[in-house]
Amino acid sequence: MADRKLRIGMLGYGTVGSGAYRMLVDNQASIQAKTGTHIEVVRIGIKDSTKPRDLSADIFTTDLDSIVNDPDIDTVVELIGGTDPACRLVETALVNGKNVVTANKEMMAKHGSRLVHLAKAKRLDLHYEAAVGGGIPLIQPLKHQLAGNDVLKMMGILNGTTNYILTEMQQEGADFAEVLAEAQAKGYAEADPTNDVDGFDTMYKISVLASIAFGRQVSISDVYREGIRRISRTDMKYADMLGYTIKLLGICEPVADRVRVRVHPTFLSKTHPLASVNGVYNGLWINGDFVGDVMFSGRGAGSDPTASAVVGDLIDVARNTAIGGPGSALPYDADMPTESIDSLKSRYYIRLRSYDRPLVLGKIATAMGEHGVSIAAMEMKTLILHEQGEIVFLTDYARESDFANAVKSLTDEVGVISVESTIRVEA
Ligand code: HSE
């Protein structure tokens with residue numbers, strides 16, 4: 001058997017860390033056969049040494065710096081999350097000549113360009129497959145097998161919590177708050193769900209993917225972001241009636257020499273491959289100029305799937321170490337020029353309450369038409385209980401800024417009591 005060793009220092013031993021440790025132990029023989037290397041976790045840095053754990057206490061330390069400064073450790077696996085102290089520790093590890101594997105989407109979204117340049121300069125591996133899409137291989141295919149393509153569009157369901165909530169809302173006819181409370185009780189959603197439901201998690205992930213696809217770091221401050229709190233079961237019901245489902249999508253597309261990156265709930269045609277990615281599953285759909293449509297899906301979170309991505313990265317490190325060269329620290333430059341959402345041309349779903357007056361539909365259509373927005377599919381429901389109409393329609397393609405002005409023109413004068421909901425549409 002092999003006599004090569006890869007000595008790992010792990011930062012963090014939560015769900016992903018314990019899964020990765022177990023996978024390295026359980027599958028040691030086959031990993032060793034494939035790599036010729038014994039990958040061994042020799043030290044694990046934790047925050048709280050009083051917590052009961054399933055490994056002997058000797059392997060743990062609360063001194064995280066001692067791991068990134070330990071000359072006997074050649075690869076650091078960072079699983080703490082957040083930027084502080086994770087980013088400082090990763091930088092120190094790289095400066096000290098250690099390869100790094102991380103699952104940290106926030107760190108890569110904010111500091112990816114700097115870190116990959118540092119890794120490249122030091123001729124080290126820096127891998128982050130687990131940062132996006134858990135166990136689904138997304139980053140390596142984008143960096144390698146798909147890299148010859150110009151990406152024409154990329155859309156992803158990149159957050160399992162929100163996809164679970166939206167799927168439950170759709171299948172059970174339940175409202176957002178109800179499903180969120182139930183998901184929190186079951187431990188599927190965090191007590192503070194902001195990161196997931198307000199779209200931050202998806203924003204980090206789509207920024208990382210866009211940065212790789214377009215070769216320059218997309219600043220997260222340039223990403224348009226909307227979460228799913230305002231989605232109601234009524235919108236779900238109408239989506240279904242019109243042949244759509246509602247998904248929280250991270251979307252990126254080139255616009256001339258810029259890129260537009262956005263995160264928002266989307267009316268997605270039931271015929272789109274992402275529409276059938278349900279529950280906690282994640283999916284990424286890419287349209288490349290030569291490859292055409294490519295679709296990835298699988299488990300985007302959880303101990304075992306994320307461990308699978310971390311261990312896959314470690315196997316890459318082992319192979320690259322064996323041949324004496326760094327693998328996938330593909331550098332991308334800083335400052336991707338971005339395009340604002342205002343110039344987006346999209347179709348929109350709109351739901352409004354109107355007075356029961358003659359010609360109200362015509363007046364609404366005229367008011368919107370004055371801003372260049374025309375109506376595509378319409379259906380009128382009378383809510384007898386309130387004795388007022390609920391009008392739902394999809395627009396034809398319109399510019400985002402025109403649509404915003406058209407919505408503002410839907411006032412009392414044209415018979416509109418309130419605009420209840422607007423959602424962008426993707427075919
Ligand atoms: N909170 C994330 C999710 C975990 O729900 O998908 C994986 O990044």
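This is a predicted model: local features need pLDDT of at least 70, side-chain atom pairs count only at pLDDT 80 or more; totals for chains, interfaces and linings use all residues.
Helices (H or I, at least four residues) and strands (E, at least two) are DSSP runs, numbered from the N terminus, and two strands pair if DSSP finds at least two bridges between them.

Residues are numbered from 1 along each chain as its sequence is written, and side-chain values use heavy atoms, with hydrogens and water left out.

Within the sheet, β1 (residues 4-11) and β2 (residues 37-45) pair in the parallel sense over 8 bridges. R4 stands opposite T37 of β2. In a regular strand the side chains alternate between the two faces of the sheet.

Two backbone details deserve attention. D84 and P85 are joined by a cis peptide bond, with omega about 10°; P85 lies in the loop between β4 (75-78) and α4 (86-95). R123, a residue other than glycine, has a positive phi near 55° and is found in the loop between α5 (105-121) and β6.

I turn now to the ligand. Which residues are around the ligand? They are K105, N159, G160, T161, D196, D201, K205, G300 and A301, where a residue counts as near if one of its heavy atoms lies within 4 Å. By class, this shell has 1 nonpolar, 4 polar and 4 charged residues; Ala, Val, Leu, Ile, Met, Phe, Trp, Tyr, Cys and Pro count as nonpolar, Asp, Glu, Lys and Arg as charged, and the others, Gly among them, as polar.

For T161, a polar side-chain atom lies 2.6 Å from a ligand oxygen. For G160, a polar backbone atom is 2.7 Å from a ligand oxygen. For N159, a polar side-chain atom lies 3.4 Å from a ligand oxygen. Taken alone, the ligand exposes 260 Å², of which the protein buries 78%; these areas come from the Shrake-Rupley method with a 1.4 Å probe. The elements giving two or more residues to the shell are α7 (160-172) and α10 (200-214).

Finally, there is a hairpin formed by β11 and β12, with 3 residues between them. Strand β11 (residues 281-288) and strand β12 (residues 292-299) run antiparallel, joined by 8 bridges. N287 has D293 in β12 as its bridge partner.

Technical notes:
A polar contact is a pair of N or O atoms within 3.5 Å; within protein, one must be able to donate a hydrogen and the other to accept it, and residues adjacent in sequence count only if both atoms are side-chain atoms.
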